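Hi everyone, thanks for making time this morning. I'd like to walk you through one model, so please have a look at it first.

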Amino acid sequence: MMKLATLKNNTRDGQLVVVNRDLDKAVAVSDVVTTLQAALDNSADGDVLLLSSGRYLGNFIINHAITLQGEANVIIDAQGDGHALLLQNSHITIDNLHIEN
């Protein structure tokens, strides 16, 4: 599982990090992938991407049969421009996300 979190000054409103399965090691996403879209693109069928609390801005495309799951207070925000999530596979699970604009 890949866990994405946003961190800045001990808050969850900054850079994305990837946390390992045991939650004892975090790596800046920029060292792994540069954006949530890159994480989605690099995922494989059957993967679970867990989004930590925070606001994820943009238009995201999911091509793989994955689960995109949010912790509490996860917002996918298209900022009033286009789609927030475009699902291009019939085996995608979206769980516990607030999608707006």
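Predicted model: local features only at pLDDT ≥ 70, side-chain atom pairs only at ≥ 80, totals over all residues.

Residues are numbered from 1 along each chain as its sequence is written, and side-chain values use heavy atoms, with hydrogens and water left out.

Let's begin with strand S8, residues 74-77. Helices (H or I, at least four residues) and strands (E, at least two) are DSSP runs, numbered from the N terminus. Which way do the S8 residues point? Val74 and Ile76 point one way, Ile75 and Asp77 the other way, and all are buried. Buried means under 20% relative accessible area, exposed means over 50%, and partly exposed is in between, using a 1.4 Å probe and protein chains only. In a regular strand, side chains alternate between the two faces of the sheet.

Now the neighbours. Two strands pair if DSSP finds at least two bridges between them. Strand S5, residues 54-57, runs parallel to S8 and is joined to it by four bridges, with Gly54 opposite Val74. S8 also pairs with strand S11, residues 98-100, in the parallel sense over three bridges; there, His98 is the bridge partner of Ile75.

On to charges. How many salt bridges does the structure hold? Two, where a salt bridge is a side-chain nitrogen of Lys or Arg within 4 Å of a carboxyl oxygen of Asp or Glu. One is between Arg55 and Asp77, at 2.8 Å from N to O. That pair links S5 to S8, 22 residues apart. The other is between Arg55 and Glu100, at 2.7 Å from N to O, and it links S5 to S11, 45 residues apart. Through shared partners, Arg55, Asp77 and Glu100 form one network. Asp77 counts as buried because its relative accessibility is 7%, whereas Arg55 is partly exposed at 41% and Glu100 is partly exposed at 23%.

Of its 17 residues, Leu40, Leu51, Leu68 and Ile76 touch the most other members. Helix H1 (36-42), strand S4 (48-51), strand S6 (60-62) and S8 each give two or more residues, and H1 gives the largest share, three.

Definitions and conventions:
Core = buried A, V, L, I, M, F, W, Y, C linked by side-chain atoms within 4.5 Å.
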